[in-house]
Every structure is written in structure tokens, then in C-alpha cells.
Amino acid sequence: MCIRDSANGNQYAFKYSDATGMVNLGTLGGVQSYAKAASADGKVVVGFAGVSSNNPHAFKHTDATGMIDLGTLGGLTSQATGVSADGSVVVGDSTTTNGDYRAFKHTDAMGMIDLGTLDAGNSGYSFATAVSADGSIVVGYADIDASTDTQHAFKPVSYTHLTLPTNRE
């Protein structure tokens, strides 16, 4: 869901409806943006956009607020990859201060929450790829052994500890 500017080659996130046609959602001060998901009613769009340094940051866009920077988990980059049906829960991944990628869950009340990894020492990477309609379940994949970069699917049992699905093979 992006528009390519033929004059400069940059791409911009858009939202389309029959009533408005294609609407450019803008950026966070950088030169590009990408939409990745929309709420059930289409009122909330999430994705990532360049900030003034052109590092990508996760965003949440509504007609009322415009594009809002969701920040990072202390690193330079983030991206939103999913949103709940009502738009209240956003998920994705962000870099941390040490450069690891971590899955996150974001709500307006709690901000961006690091979901951790499956590694016993909570090291390595994790990525959230989707969220349930009611926002209660986040799914994705994460390192189970950071030393070998072995990854498995996950769903969180709490927002401080991920768990492997019980029906894995």
C-alpha cells in the first residue's frame, strides 16, 4: 500500500476508499512511508515511515490524528506489521539499544512493550507478524537459541515471556 512519486522515485503510504480515492498518508519527516495493515473498518492504518534521519519508525495513522510516530525500543528502527480490528493494538518489531530486533505490542495506554524472545536467556531476535481481532493474541517468530539463530513461531503467555505453541512438531 504505497504510491511511487515518479519525480523522485520515493514511495508513500496511502489509504483508498471509494469516497475519497487514493490519499497520500505522508511521512514522519523522511522521504518514504509504507502501509502494512489496516483496522477492520479502515480507520486506522499502520506501517513504517522515514523520520528526518530516514531511519524507519512504526506509525499509526487516523484521519483525526494523521501519522503518529510509535517510536522504538531504544534502537534506531521499528515497523508496524499488524493492527487489531478496532485499531487499539499495534504489533511489529523494533531494534533495541544493542541492535537486536524485538517483537512489540503497542497501545496508547501502555506505549511500546518488548515481547522478548523464546531464548532461555531472552537474547536474540523476535518479530510480531499479526494480532487477533480483539488484540489479545500476538503471533510471530523468535529465536529459541540465539547462538544458532534457530527460530520458532510464538504466541505470548504474558508480555514478559513468550511461549512455543503446544501443538508444534
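Reader: Is Tyr125 buried, partly exposed or exposed?

Author: The model is a predicted one. Buried means under 20% relative accessible area and exposed means over 50%. Tyr125 has a relative accessible area of 31%, so this residue is partly exposed.

Reader: Which residue forms an aromatic pair with Tyr125, and what is the angle between the planes?

Author: A search of the whole structure finds five aromatic pairs. In one of them, Tyr125 pairs with Tyr101 at 5.7 Å centre to centre. Planes over 60 degrees apart count as edge-to-face. The pair of Tyr101 and Tyr125 is edge-to-face, with an angle between the planes of 90°.

Reader: How many residues apart in sequence are the parts that this pair of Tyr101 and Tyr125 ties together?

Author: Tyr101 lies in strand S10, residues 101-107. Tyr125 is in the loop between strand S11 (111-114) and strand S12 (126-131). The pair therefore ties together parts whose separation in sequence is 24 residues.

Reader: What is the relative accessibility of Tyr101, and which residues form one aromatic cluster with it?

Author: Tyr101 counts as partly exposed, because its relative accessibility is 31%. The aromatic cluster that contains Tyr101 also holds Tyr125, Phe127 and Tyr141.

Reader: How many helices and strands does the protein have?

Author: The secondary structure of the protein includes no helix at all. The count comes to zero helices and 15 strands.

Reader: In what order do the strands of the open sheet that contains S10 run?

Author: Four strands form this open sheet, and the pairing is antiparallel. Strand S8 (74-83) and S11 each have a single partner strand, so they stand at the edges. Neighbouring strands of this sheet are turned by 35° against each other on average, direction ignored. The order is S8-S9-S10-S11.

Reader: How many bridges join S10 to S11, and which residue stands opposite Met112?

Author: S10 and S11 form a hairpin with three residues between them. The two strands run antiparallel and are joined by four bridges. The residue opposite Met112 of S11 is His106.

Reader: Over how many bridges do S9 and S10 pair, and what is the bridge partner of Gly92?

Author: Strand S9 covers residues 90-96. S9 pairs with S10 in the antiparallel sense over six bridges. The partner of Gly92 in S10 is Phe104.

Reader: Which residues make up the largest nonpolar core?

Author: The largest nonpolar core has eleven residues in all. One of its members, Met112, touches Leu70, Leu73 and Phe104 among others, not counting residues up to four places away in sequence. A second, separate core of nine residues includes Ala13, Leu25, Leu28 and Met67. The largest core is made up of Ala37, Val44, Val46, Ala58, Leu70, Leu73, Ala80, Val83, Val90, Phe104 and Met112.

Reader: Which strands are at the edges of the sheet that contains S4?

Author: Four strands form this open sheet in the order S4-S5-S6-S7, with antiparallel pairing. An edge strand here pairs on one side only. The edge strands are S4 (29-38) and S7 (66-69).

Reader: What is the bridge partner of Ala37 in S5?

Author: S4 and strand S5 (residues 45-51) run antiparallel, joined by six bridges. In S5, Ala37 has as its bridge partner Val46.

Reader: What is the phi of Asn54, and where does Asn54 lie?

Author: Most residues other than glycine have a negative phi. Asn54 is not a glycine, yet its phi is positive, at about 70°. With a relative accessible area of 41%, Asn54 is partly exposed. Asn54 lies in the loop between S5 and strand S6 (56-62).

Reader: What is the phi of Asn122?

Author: Asn122 is found in the loop between S11 and S12. Asn122 has a relative accessible area of 35% and is partly exposed. Although Asn122 is not a glycine, its phi is positive, at about 55°.

Reader: What share of the residues in the protein is buried?

Author: The accessible surface of the protein comes to about 8,400 Å², and 52% of it belongs to carbon and sulfur atoms. Of the 169 residues in the protein, the buried share is 46%.

Terms used: Residues numbered from 1 in each chain as written. Predicted model: local features only at pLDDT ≥ 70, side-chain atom pairs only at ≥ 80, totals over all residues. Heavy atoms only, no water. Phe/Tyr/Trp six-rings, centres within 6.5 Å; stacked < 30°, edge-to-face > 60°. Buried < 20%, exposed > 50% of the residue type's maximum accessible area, 1.4 Å probe, protein only. Pairing = 2+ DSSP bridges. Areas by Shrake-Rupley, 256 points an atom, 1.4 Å probe, with all protein chains shown as cover. Core = buried A, V, L, I, M, F, W, Y, C linked by side-chain atoms within 4.5 Å. Contact = heavy atoms within 4.5 Å. Axes fitted to C-alpha atoms, helices over the stretch in contact; angles between N-to-C directions.
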